[in-house]
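Subject: Structure handover

Hello,

Here is the structure for you to look over. My notes follow below it.

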Amino acid sequence: MPSLCRDCLATFDTPARCPKCRSPRVTTHDELFSLSIAHMDCDAFYASVEKRDNPELASKPVIIGGGRRGVVSTACYVARIRGVRSAMPMFQALKLCPEAVVVRPRMEAYVEASKAIREMMLALTPEIEPLSLDEAFMDLSGTERLHGRPPAVMLATLIKRMKDELGLTGSIGLSHNKFLAKVASDLEKPKGFSVIGKAETDAFLRDKPVKLIWGVGAVTQASLAKAGIHTFTDLLRWELEDLTARFGSMGTRLYHLARGQDKRRVSAHEPVKSISKETTFFEDTHDLELLDGHLWRLAEQVSDRAKARGLAGQVVTLKLKKSNFQSLTRRLSLRDSTQMADVIYRTARGLFDQAASEGPFRLIGTGISGLVPADDADRVGDLLDPDASKRSDVERATDRIRKKFGSDAILKGRALR
């Protein structure tokens, strides 16, 4: 049976310890050296960067997020063992893990690490489809002739380089299409390398819960449950026409994914169309002060990502989800493109004020779209707001201070709500 040592990269035919270095980190699969569609997902990326840059955090539970009234952006695996999860209110996370170290996000550091990983990926294949800073699809079809090694070995090489050169770890999913590659990358996190072959697809998916499908969240699960659909086996009982009639385009997608079918190509040239951030509450709320605090933090995160990528947006979007799961989206086009947190927040807050009476809400989010290079952004002053340019200067100065002294050097009062 084809086997690969993920430590020394030796290949052999016995599913046991590596005969060369005796490592137990061996991946074995019948189709290991014939599959070429992969999904790489960094392990607790933001927290891993913080631990790498501050060795004192290495063994401690680390939560990336805002103040006690904020929410968790992500958490290291030590904190996750204690029950901490992304989007959890910070006060609840600290009840579960009171000894956790809370670190405010440093987007520039994460973008820099992401760019370094991307360069390593490009050494394997030009066919890379980023999903976020810390994950991407790769198509390594036809690269064996170039590298002299099958895709599985080159993927293990990538993970080894990430660890040795960047001090970061990731998990690999390898399969025959994008859907199954992403499913596989989640099977053994952290530091996983999982394979789902063509021959085993049907058997693997059978009786798995539908929540395994990327994008099937709690609301969709509830809708499917009303139709008696809980697992992939349940989906297989439905005809394509019936699923489509009941669930629209989602029904068509579910029909094919239930059979392990995904014809989407890895698209290396898909431009970034928007930058957004949202958070879901564990309890519906109409607390305007709490919602305002969340909106500011989300605007800051969108701004940080835009600044790190050198982008600005012409359109600001507000997204709300009501207690009955109805989504509300409001957009406003700006006279001048922006990447400033102050502008994003004030625009989104104006849109929120128009919809606040429709609460309580279970989700709030904001973002920018109509993206352009930031060189000419935030240059047109606002005649109706003479203090806008002063706030912009203060924000730029704050960015410089945080870059030099750390993200907690300066905090706005509303960030603590």
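Leaving aside neighbours within four places in sequence, which residues is Lys51 in contact with? The list is Leu57, Ala58, Lys60, Val62, Cys76 and Val78. Keep in mind that this is a predicted model.

**Lys51**

Lys51 sits in helix H1, residues 45-53. The residue is buried yet has no salt bridge. Its nearest side chain of opposite charge is Glu99, 11 Å away.

**Salt bridges**

The structure has 21 salt bridges.

Arg25 pairs with Asp7, with the closest N and O atoms 2.9 Å apart. This pair links distant parts of the chain, 18 residues apart. Arg25 is in the loop between E2 and E3. Asp7 is in the loop between E1 and E2. Arg25 is partly exposed, at 29% relative accessible area. Asp7 is partly exposed as well, at 30%.

Asp43 and Lys189 form a salt bridge at 2.7 Å, N to O. Again the pair links distant parts of the chain, here 146 residues apart. Asp43 lies in the loop between strand E4 (37-42) and H1. Lys189 lies in the loop between helix H7 (178-185) and strand E11 (193-195). Asp43 is buried, at 1% relative accessibility. Lys189 is partly exposed, at 24%.

Asp234 and Arg237 meet at 2.5 Å, N to O. Asp234 counts as buried because its relative accessibility is 12%, under the 20% cut-off. Arg237 is exposed because its relative accessible area is 61%, and the exposed class starts over 50%.

There is also a network. Glu50, Arg52, Asp53 and Arg106 are joined by salt bridges that share partners.

**The three-stranded sheet**

Three strands make an open sheet, in the order E2-E1-E3, with antiparallel pairing. The edge strands are E2 (11-12) and E3 (26-28), each pairing on one side only. E1 covers residues 3-5 and is joined to E2 by two bridges. Ser3 has Phe12 in E2 as its bridge partner.

The loops of this region hold the Arg25 and Asp7 pair: Arg25 between E2 and E3, Asp7 between E1 and E2.

**Helix H6**

H6 runs over residues 151-166, 16 residues in total. From first C-alpha to last it reaches 22 Å, close to the 22 Å expected at 1.5 Å a residue. Which residues of H6 are buried? They are Pro151, Ala152, Val153, Met154, Leu155, Ala156, Thr157, Leu158, Ile159, Met162 and Leu166. Gly167 follows the helix, with a positive phi near 70 degrees.

**Ala341**

Ala341 belongs to helix H14, residues 341-355. Is Ala341 buried or exposed? It is buried, because its relative accessible area is 4%. Not counting residues up to four places away in sequence, Ala341 touches Trp296, Ala299, Glu300, Ser303 and Glu395. Phe232 is another matter. The C-alpha atoms of Ala341 and Phe232 are separated by 43 Å, and the two residues are 109 apart along the chain.

Best wishes

Key
Residues numbered from 1 in each chain as written. Predicted model: local features only at pLDDT ≥ 70, side-chain atom pairs only at ≥ 80, totals over all residues. Heavy atoms only, no water. Helix = DSSP H or I, 4+ residues; strand = E, 2+ residues; numbered from the N terminus. Expected span 1.5 Å × (residues − 1). Buried < 20%, exposed > 50% of the residue type's maximum accessible area, 1.4 Å probe, protein only. Pairing = 2+ DSSP bridges. Contact = heavy atoms within 4.5 Å. Lys, Arg positive; Asp, Glu negative; His and termini not counted. Salt bridge = Lys/Arg side-chain N within 4 Å of Asp/Glu carboxyl O.
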